[in-house]
Amino acid sequence: FGAAMRAGGRAGGLGAVTVAVVLCLVVAAQVCSGEVEARGEEVVAQAAGEADGKGVEGGADATCDPKVPAAGKAAIIIAAFEAFKSHPLGWVGFILWLTVWSTLALPVTPIEVCAGFVFGPVWGTLGSLIAKTAGCMMAMVIGRSVGRAQGWKMPEALEKYMSFLLQNPLQAMCVIRVAPIPQGIKNYGLSLVPFPGGRYPVKEYFWACLLVGAPFSVAWCLTGAGASSLLEIAARYT
């Protein structure tokens, strides 16, 4: 009986992951087909109109990657969360999606605000924190394995923190994570720090990601919980 229960649990877990991955692929397929791109300008125009009506300041692309147009990014995010909130396993799909998003060092603020709106402040915060931390850990693994194999070097932006990192890795990593440094350097750059003997402080890296990420996740998800629509969020944060 116990073996049957364990087998059933494994099957259920595999099924949940499979459905979540499929959900992510549906969004990706929508983007690749051009449907999201075609809707992009319309989405941003609607968002801007709604924001104007509510007196929302800010607008397109204050926080986003300049390589991704504001309209396309807003449409992608809205389409993804519409899919997540309509599926029973959407929360799992959201975590997987944000994990990949974080691994790519893309801005997470609009995602977390949307998570608070769709899943509420509690589940939105929990999912965001899990995904952000997982994404940071994946970036660290990639940097440590692929980076070293390709001869990547620690970025110059981290050189002034080197002695601090060697003396107190946890405190130094927390300071770096709140510093005005690009997310890619915080994740991949930290993975390339040459610690003595090649013994990387993985535990300290993990706790720095978790401790620094938690207050931001709480704040942004609470903000999203008070929003009136995904369009309002798109107008302000993408």
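Begin by selecting Phe 81, Phe 84, Phe 94, Trp 97, Trp 101 and Phe 119, which together form one aromatic cluster. The model on screen is predicted, so local features need pLDDT of at least 70 and side-chain atom pairs count only at pLDDT 80 or more, while totals for chains, interfaces and linings use all residues. Residues are numbered from 1 along each chain as its sequence is written, and side-chain values use heavy atoms, with hydrogens and water left out.

Rings of Phe, Tyr and Trp (its six-membered ring) pair if their centres lie within 6.5 Å, and planes under 30 degrees apart count as stacked, over 60 as edge-to-face and the rest as tilted. By this rule the structure holds 12 aromatic pairs.

Phe 94 lies in helix 4 (residues 90-103) and Phe 119 in helix 5 (residues 109-150), so the pair links parts of the chain 25 residues apart, helices being DSSP runs of H or I with at least four residues, numbered from the N terminus. Phe 94 is buried at 0% relative accessibility, and Phe 119 is also buried, at 18%, where buried means under 20% relative accessible area with a 1.4 Å probe and protein chains only.

Phe 195 is buried at 10%, and Tyr 200 is buried at 11%.

Finally, select Arg 177 and Tyr 205, where the charged end of Arg 177 sits over the ring of Tyr 205, 5.3 Å from its centre; the term requires NZ of Lys or CZ of Arg within 6 Å of the ring centre and within 35 degrees of the ring normal.

Note on methods
Helix = DSSP H or I, 4+ residues; strand = E, 2+ residues; numbered from the N terminus. Buried < 20%, exposed > 50% of the residue type's maximum accessible area, 1.4 Å probe, protein only.
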